[in-house]
Structure formats: structure tokens, C-alpha cells
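Please read these notes beside the structure. They are meant for someone who has not looked at it before.

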Amino acid sequence: MKLLTALACATALTLAALPAVAQAPSTLRIGLQEDPDVLDPHKARTFVGRIVFKGLCDKLLDITPDLKIVPRLATEWSFSADGLTLTMKLRSDAKFHDGEAFDAEAAKANLERARTLPDSLRKSELASVDSVTVVDATTISLKLKRPDATLLAQLTDRAGMMLAPKSLAGDVGAKPVCSGPYKFVERVQNDRIVLERFKEHWEAQNYHFDRVLYRSIPDTTVRLANLRSGELDMLERLAPTDVKSAQGDKALKVTSIANLGYQGITINTGHGDAAKQPMGQDKRVRQALSLSIDRKVLSQVVFEGLYEPMVQPFNPGNSYVSADFPVPARDVTKAKALLKEAGLTKVSVELFVTNNPVDAQLGQVIQAMAAEAGIDIQIRSTEFASQLRDQQQGKFQMSRIGWSGRIDPDGNLHQFVTTKGNQNDGRYSNAEVDRLLDEARTVYDVAERKKRYDAAQKFLQDELPIVYLYNQTVFFALRSNLSGFMINPDGMIRLAGIKRS
């Protein structure tokens with residue numbers, strides 16, 4: 001009887017404890033390769049920042065894994081017959097994290113801020129927009145200066161993200177107030193960003209974690225160790241050197257996809273004093289650098305052969321890739337001849353890289369290859385946000401950096417190489433490139449648009465403001481007890497549907 005009584009008491013205590021356990025907040029822990037820059041979608045430019053925004057800020061539109069544009073805050077849209085007016089119907093059941101309703105006035109306030117704020121990086125993306133009109137509470141009309149084949153694609157990303165209008169007067173980046181499925185809780189620079197589930201979100205039933213914790217861990221080995229130990233649930237950009245090991249771990253799952261962008265070296269050709277050196281001033285020196293690099297060996301040595309060598313801003317298989325510009329074979333002899341033609345036998349130049357093991361190794365391999373052609377590269381390393389800041393200010397000679405890519409080819413090119421492009425950090429300028437890329441924005445037919453991109457590439461492949469190196473296959477690793485993660489070519493982590501068993 002004493003034993004039965006003891007067992008009954010123990011059972012009662014266990015059952016009493018169950019509700020508390022069941023109600024404990026669940027947290028999805030995600031490892032990021034870098035620390036995001038400012039959490040203001042109109043000023044931000046980092047890949048990892050976009051990952052955080054996926055949970056924090058709803059957009060007017062989104063893309064599917066097969067790159068189709070689908071509704072989010074905008075439920076339907078149409079262009080006028082002349083292509084100069086875009087009308088969008090908006091959701092009537094969305095709210096911002098401050099409790100205010102999302103409506104056409106809010107959408108207008110965001111679009112106007114994105115296209116007019118002095119330091120907005122979305123201005124060139126929305127350059128075709130002349131004005132935004134509120135038709136009624138759930139309808140906006142965008143009047144365009146010219147037809148724009150890129151506009152819908154722009155609204156699937158940061159240009160289409162919505163912030164609470166009342167928050168726009170303050171420091172948005174310090175405490176962003178959006179309308180996404182999760183709301184901002186805290187940020188500790190170079191460590192973590194914490195979001196909390198927004199129970200009033202119009203799609204709240206599809207989000208299964210109470211909190212999302214984003215951890216910035218640049219060291220790929222440490223990031224994977226945290227995943228294996230259970231400190232993380234998933235990580236983005238698993239290092240190619242760790243792919244086989246992770247695939248053999250029964251506690252983990254690995255999934256991958258070729259992303260939409262490019263990886264390369266941006267060269268300062270006209271931004272301040274840092275551009276006043278041979279690499280920045282003479283295209284023959286840049287051509288020599290490009291010819292000194294064996295892109296296939298680069299992929300094999302640094303990336304286990306898992307990344308596709310490339311010399312164009314478009315991902316392999318993209319309909320805008322030109323057959324006129326194949327990946328060249330390494331030619332050290334020709335590289336030396338180009339330096340000699342420029343009146344040089346040796347060139348010294350600084351290369352900016354991010355302070356993670358993969359980028360460090362990449363810089364060292366490029367350094368060794370270039371040295372054989374007479375190009376002496378000094379490597380400068382820092383954390384990613386500082387690298388971006390210095391790049392924007394022109395405090396660099398060359399920067400090893402990439403772009404995660406967009407579904408429209410304009411998104412991989414225009415803002416980086418046109419004279420007034422918001423992310424043209426090297427201040428490259430060519431009037432004919434500007435004309436061709438501006439014109440391509442107004443053309444809807446793929447074949448006709450491609451003619452403009454091919455013509456622009458003839459200049460870019462000759463003048464090389466960006467030396468393209470490879471396309472990055474994005475590897476995600478996650479604990480095997482996670483389900484519902486849908487991989488997308490944009491490399492973003494969409495939180496809807498993800499569950500822990």
C-alpha cells in the first residue's frame with residue numbers, strides 16, 4: 001500500500017508538471033555566417049539581413065521555389081495597357097507589430113520612403129516610380145515614368161517590405177516595427193537577434209515557434225559544431241569542405257541549391273583616393289588579374305569542386321547568360337604581357353576579405369595565383385558589416401564580395417555598374433552601359449532584353465569593374481528532427497511550416 005501510494009503521488013506530481021513543460025516557449029535557433037547590417041529594409045544590403053527580414057517584415061510580393069511571383073500583402077495586381085500604371089490590391093487583415101492596421105496609406109508611406117530617403121539603397125530599384133496614389137483603403141496605384149519590366153521582382157524583396165508608419169520618424173534600424181510573422185525583441189551586435197511570434201499575424205497558424213534566435217557565427221567550423229551539439233537547429237551556408245561530413249551524420253540533414261547571384265571581386269575604379277592606383281585606373285591590369293585566376297582550380301581547392309566557375313553576373317542555366325563570354329582558361333603569360341603593355345612589371349594592391357575561414361582561404365589562393373603574374377596582393381580582413389561600410393565609403397582597392405541574386409537579371413547588374421547605382425561602390429561609370437541597362441528595364445521580351453545585356457557585357461567584360469569568379473551553391477544543414485523547411489534559390493529561410501518533432 002505504501003508503494004502504491006508513493007507511485008500515485010509521483011504520478012500526480014508528474015502530471016501536475018506537464019502543463020508547465022508543454023507551455024515552455026519553443027525557440028528555433030539559426031546560425032548565420034555574418035552579422036547583419038542595419039535592420040532597416042530601405043538601407044540594408046546584407047544577405048543575412050534578408051534572412052532575418054523574412055521573419056520580421058512582410059512584403060507586397062514573394063517568389064516560389066520555381067521563381068514565380070506570388071501574393072503577400074498585395075493580393076492582386078495589373079498594369080495599364082501602356083505599362084505606365086501598376087495597380088495593386090492589398091490585404092485588409094494585416095497588422096503591424098504596434099497594433100496599427102496595414103492599409104494603402106501605409107504602403108504609400110513605405111514606397112515613398114524607399115524611393116526618396118537620401119541614403120536609401122532602394123532608390124535605383126524604384127527609379128521608374130514617379131508617384132504613388134492611394135485609390136482606396138486597400139488599393140494603391142504606382143505611376144511610372146517609363147515601362148519597367150523589373151518592378152514586380154523588386155517588390156518581392158526589400159523594396160516591397162512594409163514598416164509601421166509611426167516608426168518611420170524614429171531610428172528604424174534600432175527597433176524595426178514591421179508586419180511579419182515575428183516581431184523584434186532584441187539585438188546584441190555580432191552575437192544574436194531575437195524575434196518573438198506575432199500572434200495577430202494574418203498567417204500566424206503557419207508559424208510554429210514562439211521565438212526565433214539568429215546567431216552570428218562567422219567561423220564555419222564553430223557554427224557546425226554548435227549544430228551538432230544541439231545549440232543550433234539549422235545553419236545557412238554550410239562550408240563545402242564540411243558537406244560530406246554533415247551528410248554522413250544521422251543527426252543532421254543537408255539540402256542545397258544553386259543561388260541566383262554571383263561571387264567575385266569588386267574593384268574601386270573611381271571612388272576617392274583608393275581608386276588612384278594601377279588596378280583601379282587601367283583595365284589591362286584588371287584583365288591581367290582575371291587571367292591569372294584559374295577558376296576551376298579555385299573551386300576544387302576551396303570549395304571541393306561544388307561551386308560552378310563563372311565570369312558573368314547571371315547564374316548557370318539563366319536565360320540571360322551569353323555564349324560569347326565563356327569561362328577563360330588561366331593564362332599567366334598573357335597576364336604578364338598585359339602588365340608590360342601597361343608599363344608595369346609588378347603591381348601591388350590590397351584585397352578586402354571577410355574574416356571567416358572560407359574567405360581567408362579564398363583570398364590566399366587568389367593571392368598565390370596572382371603573384372605568378374606579377375600582381376602582389378595584400379590581404380585585409382575584417383568582419384562583414386565593417387567591410388561593407390568601408391566599401392560604401394570608397395575605403396578599398398579591391399573587395400572579395402558577392403551578391404545573392406534576384407529573379408530578374410536587372411537585380412544582379414544595374415545597381416552595381418550604372419553610374420548612379422546605389423551599390424556601385426567602386427564608382428565605375430560608362431555612359432553606354434548606363435544607356436543599355438536603363439533601356440533593358442523597359443523591355444519585356446526576353447530575347448530583346450538579352451540583346452541589351454549582351455551589349456552591356458561587352459563593355460563590362462573588357463573593363464572589368466567586377467571580376468566574376470563563381471556561382472555559389474547554398475548548402476543548408478539542419479537537425480534531423482526539423483521538418484517543413486522549403487529551400488528556395490534566393491537562399492532565404494522561410495519560417496512558415498517549419499516544425500520540430
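Predicted model: local features only at pLDDT ≥ 70, side-chain atom pairs only at ≥ 80, totals over all residues.

1. Helix H5 spans residues 220–229, and its buried residues are Thr-220, Arg-223, Leu-224, Asn-226 and Leu-227.

2. Several elements take part in covering the buried residues of H5. Among them are the strands S1 (27–32), S11 (234–235), S12 (252–258) and S19 (473–479), together with helix H11 (357–371).

3. Both ends of H5 deserve a look. Just after the helix comes Gly-230, whose phi is positive, at about 90 degrees.

4. Elsewhere, an open sheet is formed by four strands in the order S4-S5-S7-S6, with antiparallel pairing. Strands S4 (74–79) and S6 (129–136) each have a single partner strand and stand at the edges, so one side of each has no neighbour in the sheet. On average, and with direction ignored, neighbouring strands are turned by 20 degrees against each other.

5. Within this sheet, strand S5 (residues 85–90) and strand S7 (residues 139–144) run antiparallel and are joined by five bridges. Leu-86 has Leu-142 of S7 opposite it. Helix H3 (residues 104–116) packs on the sheet and touches S5, S6 and S7. The direction of H3 makes about 170 degrees with that of S6.

Key
Residues numbered from 1 in each chain as written. Heavy atoms only, no water. Buried < 20%, exposed > 50% of the residue type's maximum accessible area, 1.4 Å probe, protein only. Helix = DSSP H or I, 4+ residues; strand = E, 2+ residues; numbered from the N terminus. Contact = heavy atoms within 4.5 Å. Pairing = 2+ DSSP bridges. Axes fitted to C-alpha atoms, helices over the stretch in contact; angles between N-to-C directions.
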